[in-house]
Amino acid sequence: MRASVILSALLATISLVAQGPAATVIDWWSMTGGELFDDANTVVGTYSLTATEGELSSAHPLAHPYNGSYWNSPSEFIDSSLADSTLPSYDFLAVPSASGFSYTLTISSTHLNNAHLAIGNLSPLTDTTIRILPIDATASPLPTPLLFLQERSWDAGFSPYDTPLNWNAVTNTLTVSSGTSNDSGLAWFQLPNTGMTALTLEISGSNAIPIGDSLSFAIGAIPEPSSALLAGLGCFLGIFRRKRKTSLS
């Protein structure tokens, strides 16, 4: 298991070099049974869901990977396991009551410093609002500013995810534009490096769609280089140097 993770990370590193300095390798965490797992299948945190209005779907979180071939803009992120720009996200869903839905997704982890988020797949028909509250362990706790990185649309040839999202950095809220029936694209964020231990998403919306509005969510971290990975990369570079020296002599 460990060897395959190291090999995947090495391939991702090589892919990173090939695609240029703009690409960032991310270990997107898997989510199951209330726990978060990294590529090595190590528990790195927990997650919980609490509904204050409406009812959470028992079938969620549901894996919803966004194949890297269908992004409508150049990739800035590489999945450390797949070594491409696929986003292995998860969908959450709350079925609304008579007036709407409201629930909270809480992430708890000691690995949130500089972690990356991807959030989207929102319907413009439900007026969904997401308030993102990173908790600074050294503060009150109080909301900490997020770094907005990019917004990207995804289109596999049917039902494109391309309605623009609106990010308000003052209130830490994400909303979807109106005027279209397509679901939204996805927004990328980076969390601060401030000793965070928790992240809260407050999600609310109307009852315009009886089945509710699903939310695609992914969270992960930049993998720390291990000695094995560095050794593997050194070996790769050594072979490259020897081949280059041979070809020149």
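Modeller: Happy to! Let's start with G34, which has a relative accessible area of 19%. This is a predicted model, in which local features need pLDDT of at least 70 and side-chain atom pairs count only at pLDDT 80 or more, while totals for chains, interfaces and linings use all residues. Residues are numbered from 1 along each chain as its sequence is written, and side-chain values use heavy atoms, without hydrogens and water.

Colleague: Why is G34 called buried?

Modeller: Buried means under 20% relative accessible area, exposed over 50%, and partly exposed in between (1.4 Å probe, protein chains only). G34 has 19%, so it counts as buried.

Colleague: What is G34 in contact with, leaving aside its neighbours within four places in sequence?

Modeller: T46 and Y47, where contact means heavy atoms within 4.5 Å. The C-alpha atoms of G34 and Y47 are separated by 5.1 Å, though the two are 13 residues apart along the chain.

Colleague: What makes E202 and R131 a salt bridge?

Modeller: A salt bridge needs a side-chain nitrogen of Lys or Arg within 4 Å of a carboxyl oxygen of Asp or Glu. For E202 and R131 the N to O distance is 3.9 Å, so the pair qualifies. A search of the whole structure finds one salt bridge.

Colleague: And how do you know whether E202 and R131 are buried, exposed or partly exposed?

Modeller: By the same cut-offs: E202 has a relative accessible area of 33% and R131 is at 34%, so both are partly exposed.
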